[in-house]
Amino acid sequence: MRVVIQEDYEKMCLFAAQHIADRIHHHKENRPFVLGLPTGSSPVGVYKELVRMNRAGKLSFANVITFNMDEYVGLDHENDQSYWYFMHDNLFNHLTDMKPENIHILNGMAKDLQAECDAYEQAIRDCGGIDLFMGGIGVDGHLAFNEPYTSLFSRTGIRKLTEDTRIVNSRFFGNDPEKVPSCALSVGTGTVMDAREVLILINGHNKAEALAKTVEGSVSQQCPCSVLQMHNDAIIACDEAACGQLRVDTYRYFRDVEKDHRL
């Protein structure tokens, strides 16, 4: 696992966006580049930079296929809190050459939710697997909607959201946790681990404990993101604010070995 510490949120996003752009540019296989994407507040700055590069002619999405991490159950595309809406509003609608048929987002309105999840896993396999999966984590270390104590080998499926997650996400629903859907469809931890590379964004003081458990803690279902310790090509991109609970020696180690990637 790599931990790339940037000074602030803006620089963390610039690093992540450039890393993704570099991977797309250097993709040599005779198939599209397959990119996994998250929602939430952490990736917004990354999406803004990817759009900037695309519109400046520095990055093409013409040969990119995307798969999103998750979607609420019961929200249609027109609902401004659906993740379909979020992704189009923050990224897809602003790209000059993204092909609509290459965008994959779980359908939380599907009549058969488990069949939808099974088909999603198959679609990922049919594309040759995910080359890079970007994600964020919750304050409790959850990855996508894989809450604590979800199997570390889980596949795409139906997830019941904890009260804590609904409270955190209620800021998007008029601060009313009851308005937050109680279930979501989500890729599994195992699905993310199958990606050739994983890039996780962790920023802010409120994520300090989650970062420390992810990097220094034992691999445990209690902190799903800790499973990334077992991935050969996992990168944590974080800001200084999120490093408050790392051991001093851990912090110094990653500052030293990743110093060439500081912006």
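Predicted model: local features only at pLDDT ≥ 70, side-chain atom pairs only at ≥ 80, totals over all residues.
Residues are numbered from 1 along each chain as its sequence is written, and side-chain values use heavy atoms, without hydrogens and water. Local features need pLDDT of at least 70, side-chain atom pairs count only at pLDDT 80 or more, and totals for chains, interfaces and linings use all residues.

**Aromatic pairs**

The whole structure holds six aromatic pairs. Rings of Phe, Tyr and Trp (its six-membered ring) pair if their centres lie within 6.5 Å; planes under 30 degrees apart are stacked, over 60 edge-to-face, the rest tilted. The table shows two of the pairs.

| Pair | Centre to centre | Angle between planes | Type |
|---|---|---|---|
| Y83 and F145 | 6.2 Å | 15° | stacked |
| Y253 and F254 | 4.9 Å | 75° | edge-to-face |

Y83 lies in helix α3 (residues 83–90) and F145 in the loop between β6 (132–136) and β7 (157–160), so their pair ties together parts 62 residues apart in sequence. Helices (H or I, at least four residues) and strands (E, at least two) are DSSP runs, numbered from the N terminus. Both Y83 and F145 are buried, meaning under 20% relative accessible area with a 1.4 Å probe, protein chains only. Y72, Y83, F145 and F173 form one aromatic cluster.

**The sheet**

Three strands make an open sheet, ordered β4-β8-β7, with antiparallel pairing. Two strands pair if DSSP finds at least two bridges between them. β4 (70–72) and β7 stand at the edges with a single partner strand each, so one side of each has no neighbour in the sheet. Four bridges join β7 to β8 (residues 183–186).

Methods
Buried < 20%, exposed > 50% of the residue type's maximum accessible area, 1.4 Å probe, protein only.
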